[in-house]
Amino acid sequence: MCLIASRGAAQVKMASWCVRVVRQSYSVVASPVVLRASPRLLCTAAQKKSNGQNSEEDQSVAQKTEHSPGETAWTEEKTTLEEQLKEMTDKYKRALADTENLRQRSQKLVEEAKLYGIQGFCKDLLEVADVLEKATESVPKEEISPQNPHLKNLYEGLVMTEVQIQKVFTKHGLIKLNPTEAKFDPYEHEALFHSPVEGKEPGTVALVTKVGYKLHGRTLRPALVGVVKAP
């Protein structure tokens, strides 16, 4: 019985001591000094944390803005290559345009050579056509009769030859110009004289002394004409 009583007293003493320690701890925590110091401590801690975050962000931005020597050299080389590519592209386009112009000029020269390559030959044949025309015009029409068969056959042969040569001229683009009573054109006609002619409009062709010719639209030989002028 005595042993049980002593143990109970010891437990009561221990419980009272624990209550006293708890009260002292609460009083220290709840004291005004500690409460006044806590906001400052909290602000200081928050400021330190914020400064730490800002410094980390600044370091990351600096790392991003700073480029290594290798990256700088690569950027410069890229810019140089882009400029060279632009220059070469411009040169290529210019060369392509020059080549196309040269091709067109060459093609035009070839076509003109095909059309006007016979120009010299045609000029020589014009003299033959002029002789044939003069020969047929010089034969008296009254002498062409069955009573004079030799002259008749000769005249008919000259006329047939003249007709045939004109067909050959037309086949190769050579056109005869006989501008009687037509408007005078300095590109197709050559005026030998000007004379007033009654009943004809000034500036028209009054007389053709020699016919002209055009080869594929280009005047090969102008017609020699007399032009009417105002009285």
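**Close-up views of a predicted model**

**View 1. An open sheet of 3 strands, in the order S1-S4-S5, is shown with its antiparallel pairing.** The edges of this sheet are formed by strand S1 (174-177) and strand S5 (218-221), each of which has a single partner strand, so that one side of each is left without a neighbour in the sheet. On average, and with direction ignored, neighbouring strands of the sheet are turned by 35° against each other. The model is a predicted one.

**View 2. Strands S1 and S4 run antiparallel and are joined by 4 bridges.** Within this pairing, Lys176 has Tyr213 of S4 as its bridge partner. Helix H5 packs on the sheet, where H5 touches both S1 and S4, and the direction of H5 makes about 120° with that of S1.

**View 3. The count of aromatic pairs comes to 1 in this model.** The ring centres of Phe169 and Tyr213 lie 5.9 Å apart and the ring planes stand at 85°, which is over the 60 degrees required, so the pair is classed as edge-to-face. Phe169 and Tyr213 are both buried.

**View 4. The side chain of Arg218 is shown together with the ring of Tyr116.** Arg218 lies over the face of Tyr116, at a distance of 3.7 Å from the ring centre.

Conventions:
Residues are numbered from 1 along each chain as its sequence is written. This is a predicted model: local features need pLDDT of at least 70, side-chain atom pairs count only at pLDDT 80 or more; totals for chains, interfaces and linings use all residues. Side-chain values use heavy atoms; hydrogens and water are left out. Rings of Phe, Tyr and Trp (its six-membered ring) pair if their centres lie within 6.5 Å; planes under 30 degrees apart count as stacked, over 60 as edge-to-face and the rest as tilted. Buried means under 20% relative accessible area, exposed over 50%, partly exposed in between (1.4 Å probe, protein chains only). A charge sits over a ring if NZ of Lys or CZ of Arg is within 6 Å of the ring centre and within 35 degrees of the ring normal. Two strands pair if DSSP finds at least two bridges between them. Helices (H or I, at least four residues) and strands (E, at least two) are DSSP runs, numbered from the N terminus. Axes are lines fitted to C-alpha atoms, for helices over the stretch in contact, and angles run from 0 to 180 degrees between N-to-C directions. Contact means heavy atoms within 4.5 Å.
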